[in-house]
Amino acid sequence: MILVLSKGISPHDREMIRIYLQDRGFTIREQQLGDEAIIGAIGKGVADLRELGLLPGVERVAATSKPYELVSRETKPEDTIVTVGPVKIGGSRISVIAGPCAVESKAQIMETAAQVRESGAVMLRGGAYKPRTSPYAFQGLGMKGLEYMKAAGEAYGMPIVTEVVSPELAVQMKDLTDMFQIGARNMQNFELLKRVGAIGKPVLLKRGPSATIEEWLLSAEYLLASGTKDVVLCERGIRTFETYTRNTLDISAIPVVKSLSHLPVIVDPSHAVGIRAKVSPVALAAIAAGADGLTVEVHPRPDEALSDGPQSLYPEQFERLLRDIEAMAPVVGKELLRIPQPKAGLADSGKRTEPIQSKESAKVAFSGESGAYAEQALIRAFGEEAPRLPVASFRAVFDAVLDGSAAAGVVPVENSLTGSIHENYDLFLRYPDIGIVGELKLRIVHCLIAREGTAMESIRIIRSHPQGFAQCREFLNQYPQWQLETYTNTATAVASIAREGAAQKEAVFTVAAIAGEVAAKEFGLQVLKSGIETNPLNYTRFVIISRRVGDTAPAPPSLGSDKPNKASLVFSVSDEPGSLFACLQILSEKGINISKLESRPIQGQPWRYLFYVDVIIPDTKGVFEAAIGALKTKTEDFRFLGSYRASL
Ligand code: PEP
Ligand code: MN
């Protein structure tokens, strides 16, 4: 049962409600959900719902329709984001955990950690205590193994997760691990759940091989009711009549659990299928079905593994899997989480100055208002909690970054259907002190949005950003009678309809906007039609900008773009035959791939052009620097906009 408290409830009334519930045998859990304060009353208590509703300070009382309460989306509609050190699991990111089945030696866990980290894993897994089906199988190295794993996690900047098999061990292990794993065989070991939950650390709760979704969620309820807030659910295959695979991955559990619960759901494809060659396809299917991440077994030499070798990926296979996930992420509206390498790695790359220190006040600017696509891009890059600074134009984003009111900014530069957003390219020239520190590709699904009750036939006016119109050209061509009104961004167009409200009465039902679904939700409007962009492969490339310190623009720490592999340059060349060719020849001879080349008129110099070039930085040390040095001698006006991590 849930009690939603009145806004501005007095501490006295709140205390009286607590006493009332406790006296009647309830255990209470208090939560702040957005701007609503909620008391969850759990356990075997008895109370009259009507009487409860009349207590001073109670806004409303709701009985949950499920046997679990704390894990239910009815109690908490928004996604829980679980934080483990620098790693976040849930929301719009895909977080990948990897490592061997078991810690076998210090050298083995160190080697694996280095490999999975390099490929993009954000957490290290490994069993120190292995619950094995056979008493004669390798049981793990115990505390020694955990110490090795902690050292490996620290060396490579990854939090660790390891299985805990008994309540006594939970206490001994608590300072060595960052997250506890409750294994499939222990999912209903209630004493273990209670003890681990009470420690308060994040927990990865695997689904039991024969557990129903409800039983699994009730086990998670045990953890939350015992005190931890941070639980990640892990589907790892269930026992069915099929024997070809080790278990059967219940892929439908992913969307089902995500609708029943606010907790993040990840998938363990390794234990689900048990066959190396089948792990990656199943992992990709899990991401497509909406999983918030994966935990994958990887071993440097699977043939020598002491446990689960046949299902462990070779490091190269894992690397390939992460590249595939990165390419797939925008399609499911997510971003593969990457975290910065530890300090030593940063110093090695020698490319960057110290990152800006993360401060609560370090805002990120974007053009538009809540619900704008740029805000979605910002959330992907910096997380939901990043303080945001909405401003009125792209230029204002550059201004905010320049004057320090924002630590970074997010601006679109290119769309896969309509091409470059020239305004932002031109702003880079006007703001020489601003550099590019990151990029991100966002899938854009446009919707036709209007006030509830608006009929398609009554629409006369469509509002959006010119990019919104351009990307939905074919849809708009079917309605030549519609009049287009340009707004500074798509979310503002939606907001304008919501704000007109009552004053316009009838007129308001003749207006619609083109924007994202998030904007419709934000302003309480209705999506009349979704997916109206001309082609579903519609992506916008955003860049993250920051103010330069010396020659480079320091990346905000949350970006994790520690090893830049892409750079943006702009230059002009002399007005004579072969001058552009000479520049391109330098890049060609050094084997540097050009990913984009674009010319823009130089303002005030008719028929002269600037060339904007994006290049892929080769791995070989010094090659890129040499090319830049040579380019400077062949160009007239040369500017290095920044180096950053390419987004696939
Ligand atoms: C493991 O992750 O190492 C493991 C034993 O998994 P499960 O509990 O899902 O079998
Ligand atoms: Mn295993």
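Is Glu-297 buried or exposed, judged by its relative accessibility? At 0% relative accessibility, Glu-297 is buried, where buried means under 20% relative accessible area with a 1.4 Å probe and protein chains only.

## Basis of the model

This is a predicted model, in which local features need pLDDT of at least 70 and side-chain atom pairs count only at pLDDT 80 or more, while totals for chains, interfaces and linings use all residues. Residues are numbered from 1 along each chain as its sequence is written, chains are lettered from A and ligands numbered from 1 in the order in which they are written, and side-chain values use heavy atoms, without hydrogens and water.

## The manganese site

Cys-101 (SG), His-271 (NE2), Glu-297 (OE) and Asp-308 (OD) coordinate the manganese ion (ligand 2) at 2.0 to 2.4 Å; donors are N, O and S atoms within 2.8 Å of the metal (3.2 Å for Na, K and Ca), and water is not among the atoms, so sites may look incomplete. Along the chain these donors have the spacing C-x169-H-x25-E-x10-D. Cys-101, in the loop between strand E7 (93-99) and helix H3 (106-119), and Glu-297, in strand E14 (residues 293-297), are 196 residues apart and link distant parts of the chain (helices, at least four residues, and strands, at least two, are DSSP runs). Cys-101 is also buried, at 3% relative accessible area.

## The surroundings of ligand 1

The residues around ligand 1 include His-271 and Glu-297, together with Arg-125, Gln-181 and Arg-185, each residue counted having a heavy atom within 4 Å. An oxygen atom of ligand 1 lies 2.7 Å from a side-chain N or O atom of Arg-125, and the corresponding distance is 2.9 Å for Gln-181 and 2.9 Å for Arg-185.

Notes: A polar contact is a pair of N or O atoms within 3.5 Å; within protein, one must be able to donate a hydrogen and the other to accept it, and residues adjacent in sequence count only if both atoms are side-chain atoms. Buried means under 20% relative accessible area, exposed over 50%, partly exposed in between (1.4 Å probe, protein chains only).
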